[in-house]
Amino acid sequence: MSDLFSKFDPLIQQRDELLATGLTDPFNLVMEKVESPTVAICNGKRTILLGTYNYMGMTFDPDVIAAGKQALDDFGSGTTGSRVLNGTYGGHKAVEEALKDFYAMDHAMVFSTGYQANLGVISTIAGKDDYIVLDIDSHASIYDGCALGNAQIIPFRHNDIEALEKRLKRIPEGADKLVVLEGVYSMLGDVAPLKEMVAVSKANGAMVLIDEAHSMGFIGENGRGVAEAQGVIDDVDFIIGTFSKSVGTVGGFCVSNHPKFEILRLVCRPYVFTASLPPSVVATAATSIRKLMDSADKRAHLWENSKRLHAGLRQLGFELGSKEPQSAIIAVIMPDLEKGAAMWEALLNEGLYVNLARPPATPAGMTLLRCSLCALHTEEQVGEILGMFAAAGRATGCIS
Ligand SMILES: Cc1ncc(COP(=O)(O)O)c(C=O)c1O
């Protein structure tokens, strides 16, 4: 009899070998209590959170929580239905209005996750005879959207403007084409050269979709993302985003000025064939998004945190994913998985949680300790974090 699980044997063996050394499983940690956006209790110990996507610290905002509680009381715990049947409540419309206002765009469509937003929009607009040119380091949800739509996929080297242009010029005349980019690439925390890439895409007749999952709320004058910061947001056809990062809850969306955009609600399978978000979630998201419009001070403080941590880690002797701090993500490059896991555990024992990331999620087979900062981390906490990196780094031999 066939065993369809045999393909996982190498991974099972690698995991067993790692855990046999007595290491805590880095992919099975339980947050026993979450006290604030920056502190939780893990293994009974106060732990600073430096591995969440809570960039703007909205999860404990009193207005956000009050809106969620009220919606639970008024509308119940869930919609039990699709957006196109019984699953559209006033709250779903309200959060779409908040998104239109936030991005100053004509249309907004909310999905149950950001993963489904990429899956749905990409697979619906680009089909079998269409071409998608995408950065090779694109998120899994982008690749899965391409695969679901069965489009012709042409990847190009990460952040390489010339490579993008060359690929675009090779596409047969008359074919429809979509360029898919991200504002911030979440593994190394680096930013795309969108100004040049959007110009090249438009000059070659392509539509452009930008995933701004890791920049919403933080980057750009109004927090609209890297496309705003680089002055090209008006040339972008679709922006994809998520509520699971700066917004502080769960959900995904696409905003656009395309005049025919609304037809997607009838033809996009990951929108139609799934239940809509619970009323409490859309209420928290709408409140959070409206507050993010007026968060310039928090954005400035988050930049300070990012610069402070980047400079401090560099000074300690760690190798980082980007030369300069470009976002709220700072990736520390580890020599291999064993060292990475040991350092991850040493940091946890010190009282610091970061993300351990490894292939296939990471580029070029790297093992990374990904640090993601929050606007609510204090200057003192960043100092504490650097102290913990120094101690753990020396204990594991990652730095001298
Ligand atoms: C670039 C990017 N796009 C999309 C997503 C999916 O977001 P969600 O958590 O809402 O499914 C993520 C999540 O990690 C992401 O990093």
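Helix α4 (residues 114-125) and helix α5 (residues 140-149) have axes that come within 7 Å and cross at roughly 35°, where axes are lines fitted to C-alpha atoms, for helices over the stretch in contact, and angles run from 0 to 180 degrees between N-to-C directions. Helices (H or I, at least four residues) and strands (E, at least two) are DSSP runs, numbered from the N terminus. This is a predicted model, in which local features need pLDDT of at least 70 and side-chain atom pairs count only at pLDDT 80 or more, while totals for chains, interfaces and linings use all residues. Residues are numbered from 1 along each chain as its sequence is written, and side-chain values use heavy atoms, with hydrogens and water left out.

**The pair α4 and α5**

- Two packed helices are described by the angle between their axes and the distance between the axes.
- The crossing of α4 past α5 is right-handed, a term used if the near helix is turned clockwise from the far one by less than a right angle, whereas anticlockwise is left-handed.
- On the α4 side Tyr115, Asn118, Leu119, Ile122 and Ser123 meet Ser141, Ile142, Asp144, Gly145, Cys146, Leu148 and Gly149 of α5, and contact here means heavy atoms within 4.5 Å.
- By class, this contact of α4 with α5 has six nonpolar, five polar and one charged residues, with Ala, Val, Leu, Ile, Met, Phe, Trp, Tyr, Cys and Pro counted as nonpolar, Asp, Glu, Lys and Arg as charged, and the others, Gly among them, as polar.

- Serine 141, placed in helix α5, is buried with a relative accessible area of 2%, where buried means under 20% relative accessible area, exposed over 50%, and partly exposed in between (1.4 Å probe, protein chains only).
- Leaving aside neighbours within four places in sequence, serine 141 is in contact with Tyr115, Asn118 and Leu119; serine 141 and alanine 117 are 24 residues apart in sequence and 8.5 Å apart in space, C-alpha to C-alpha.
- Glutamine 116 lies in helix α4 and counts as buried at 16% relative accessibility, and beyond its neighbours within four places in sequence it is in contact with Phe111, Pro270 and Thr274.
- Isoleucine 132, found in strand β5 (residues 131-135), is buried with a relative accessible area of 0%.
- Apart from neighbours within four places in sequence, isoleucine 132 is in contact with residues including Ile122, Cys146 and Val180, while its C-alpha atom is separated by 45 Å from that of asparagine 43, 89 residues apart along the chain.

**Helix α12**

- Helix α12 (residues 296-316) has 21 residues, which at 1.5 Å a residue should span 30 Å, and its end C-alpha atoms are 31 Å apart, which agrees; the expected span is 1.5 Å times one less than the number of residues.
- The buried residues of α12 are Arg299, Leu302, Asn305, Ser306, Leu309, His310, Gly312 and Leu313, and they pack against α11 (279-292), β13 (329-334), β16 (367-372) and α14 (379-396).
- After α12 comes glycine 317, whose phi is positive, near 105°.

**The whole chain**

- The secondary structure of the protein chain comes to 14 helices and 16 strands, and buried residues make up 55% of its 400 residues.
- A compact globule with 400 residues would have a radius of gyration near 21 Å, and the protein chain has 21 Å, which agrees; this radius is taken over C-alpha atoms, and the globule rule is 2.2 Å times the number of residues to the power 0.38.
- Along its principal axes the C-alpha trace spans about 60 × 55 × 55 Å.
- Of the contacts in the protein chain with a separation of 6 or more, 69% are between residues 24 or more positions apart.
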